[in-house]
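Trainee: Could you walk me through this one slowly?
Mentor: Gladly, take a look at it and then ask away.

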Amino acid sequence: MPTFTILSRVDAYVDYTCEVEADSLEEAVDLAYDGGPLIKWEEQGVIEFDARRVVALDLQGFEDDSYVRGKG
């Protein structure tokens with residue numbers, strides 16, 4: 001019986017937080033968005049949501065799109 005390598009790709013967000021000193025919430029968001037050397041992001045974890053794609057990989061490790069289940 002043949003063996004196949006299958007890839008399951010699940011959509012996800014990686015959450016980060018940082019502490020920002022600012023005069024207002026809007027200024028804090030803007031400073032964080034713009035980044036810079038004073039912004040130190042800390043990874044909080046991965047949050048998955050239900051959008052999945054499952055596909056076989058060929059011998060070179062590329063996706064074989066001849067049969068795919070799910071979205072992506």
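**Salt bridges and the sheet**

Mentor: R52 is partly exposed, because its relative accessible area is 43%, where buried means under 20%, exposed over 50% and partly exposed in between, with a 1.4 Å probe and protein chains only. This is a predicted model, in which local features need pLDDT of at least 70 and side-chain atom pairs count only at pLDDT 80 or more, while totals for chains, interfaces and linings use all residues. Residues are numbered from 1 along each chain as its sequence is written, and side-chain values use heavy atoms, with hydrogens and water left out.

Trainee: Which residue does R52 form a salt bridge with?
Mentor: R52 forms a salt bridge with D50, and the closest N and O atoms are 2.5 Å apart; a salt bridge here is a side-chain nitrogen of Lys or Arg within 4 Å of a carboxyl oxygen of Asp or Glu. D50 itself counts as exposed, at 65% relative accessibility.

Trainee: How many salt bridges does the structure hold?
Mentor: The structure holds 4 salt bridges. In one of them the side chains of E63 and R53 meet at 2.3 Å, N to O. E63 lies in strand β3 and R53 in strand β2, so this pair ties together parts that are 10 residues apart in sequence; strands are DSSP runs (E, at least two residues), numbered from the N terminus.

Trainee: And is R53 buried or exposed?
Mentor: R53 is buried, with a relative accessible area of 15%. D65 also forms a salt bridge with R53, with 2.8 Å between the closest N and O atoms, and that pair links D65 in strand β3 to R53 in strand β2, 12 residues apart. Through shared partners, salt bridges join R9, R53, E63 and D65 into one network.

Trainee: Changing topic, in what order do the strands form the sheet?
Mentor: The 3 strands form an open sheet in the order β1-β2-β3, with antiparallel pairing, and two strands count as paired if DSSP finds at least two bridges between them. β1 and β3 (63–70) stand at the edges, each with a single partner strand, so one side of each has no neighbour in the sheet.

Trainee: How many bridges are there between β1 and β2?
Mentor: β1 and strand β2 (residues 42–57) pair in the antiparallel sense over 12 bridges, and the bridge partner of T5 in β2 is L57.

Trainee: Where does V14 lie?
Mentor: V14 lies in strand β1, which covers residues 5–17, and V14 counts as partly exposed at 41% relative accessibility.

How values were computed:
Helices (H or I, at least four residues) and strands (E, at least two) are DSSP runs, numbered from the N terminus.
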